[in-house]
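Open the model in your viewer and keep the selection panel at hand. The stops below go from the whole chain to single residues.

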Amino acid sequence: ACVTRSFVFDASVLVDYFEADLGATLRLVSAHGRSLVPETTVLELERGSKGERRRRQIKDAKLDICLPTFKQLSEGGRRVPGLSFEDHVCLIVARDLPGVCVANDGPLRTQCMAAHVETLRGLRLLLILFEQGLLSHAETARAGQRLAIAGRYRQRVLDDFAAEMERSIGK
């Protein structure tokens with residue numbers, strides 16, 4: 001995946017990026033490709049304790065808020081085990097573009113794979129920016145640490161991220 005692809009962001013990744021104060025990093029993605037957040041995901045974020053700030057953070061990060069079609073909303077209303085309505089709509093929007101679903105949520109990633117929708121974790125997005133020269137090694141490492149703290153990632157996930165970053169240097 002390169003940054004020029006269309007990315008559809010799930011709430012899980014956005015929360016981690018915003019809690020890690022990485023809105024500027026999301027702006028980099030938006031400057032080099034299409035970055036979308038379904039309105040259903042925005043509404044989901046607004047229900048949280050920091051909801052009033054989330055829509056502003058999304059706009060500040062230059063992410064485009066998209067309105068799912070009636071057909072997409074209707075399909076999203078069909079129950080899929082393990083997925084919320086908002087997650088299901090995110091998958092459908094990514095599938096219909098076609099785009100890449102950026103999510104840390106396990107059940108959403110599993111359902112995306114079953115539907116042949118490409119997925120990326122939030123940390124992987126940092127590696128793409130690094131590989132394309134949009135973030136330095138130090139910036140990528142710092143951003144990865146901040147995401148890991150904000151998202152309470154397991155040490156193994158962070159170790160895998162560091163190893164992949166080092167492999168990217170050798171490419």
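**Whole chain**

Start with a cartoon of everything: the chain has 10 helices and 5 strands. Keep in mind that this is a predicted model.

How does the radius of gyration of the chain agree with that of a compact globule? For 171 residues, such a globule would have a value near 16 Å; the chain has 15 Å, so the two agree.

Now colour by burial. Of the 171 residues, 49% count as buried. Next, draw the contacts. Take those with a separation of 6 or more: 66% of them are between residues 24 or more positions apart.

**Stop 1: H1 and H9**

Select residues 11-19, helix H1, and residues 137-151, helix H9. Their axes come within 8 Å of each other. The crossing angle is roughly 115 degrees. Are H1 and H9 roughly parallel or roughly perpendicular to each other? They are roughly perpendicular, because angles of 65 to 115 degrees fall in that class. The crossing of H1 and H9 is right-handed.

Show side chains at the contact. From H1, pick Asp16, Tyr17 and Glu19. From H9, pick Leu147, Ala150 and Gly151. Colour the contact residues by type: 3 are nonpolar, 1 is polar and 2 are charged.

**Stop 2: H8**

Move to residues 122-131, helix H8. How many of its 10 residues are buried? The count is 8, and the helix is mostly covered. Begin with Gly122, Leu123, Leu125 and Leu126, which are among the buried residues of H8.

Go on past the end of H8 to Gly133. Check its backbone: phi is positive, near 75 degrees.

**Stop 3: Ser30**

Select residues 23-32, helix H2, and centre on Ser30 within this helix. Is Ser30 buried or exposed? Its relative accessibility is 15%, so Ser30 counts as buried; the cut-off for buried is under 20%.

Now show what surrounds the residue, leaving aside neighbours within four places in sequence. Ser30 is then in contact with Ser35, Ala61, Lys62 and Leu63.

Note on methods:
Residues are numbered from 1 along each chain as its sequence is written. This is a predicted model: local features need pLDDT of at least 70, side-chain atom pairs count only at pLDDT 80 or more; totals for chains, interfaces and linings use all residues. Side-chain values use heavy atoms; hydrogens and water are left out. Axes are lines fitted to C-alpha atoms, for helices over the stretch in contact, and angles run from 0 to 180 degrees between N-to-C directions. Helices (H or I, at least four residues) and strands (E, at least two) are DSSP runs, numbered from the N terminus. Angles under 35 degrees count as roughly parallel, over 145 as roughly antiparallel, 65 to 115 as roughly perpendicular and the rest as oblique. A crossing is left-handed if the near helix is turned anticlockwise from the far one by less than a right angle, and right-handed if clockwise. Contact means heavy atoms within 4.5 Å. Ala, Val, Leu, Ile, Met, Phe, Trp, Tyr, Cys and Pro count as nonpolar, Asp, Glu, Lys and Arg as charged, and the others, Gly among them, as polar. The radius of gyration is taken over C-alpha atoms; the globule rule is 2.2 Å times the number of residues to the power 0.38. Buried means under 20% relative accessible area, exposed over 50%, partly exposed in between (1.4 Å probe, protein chains only).
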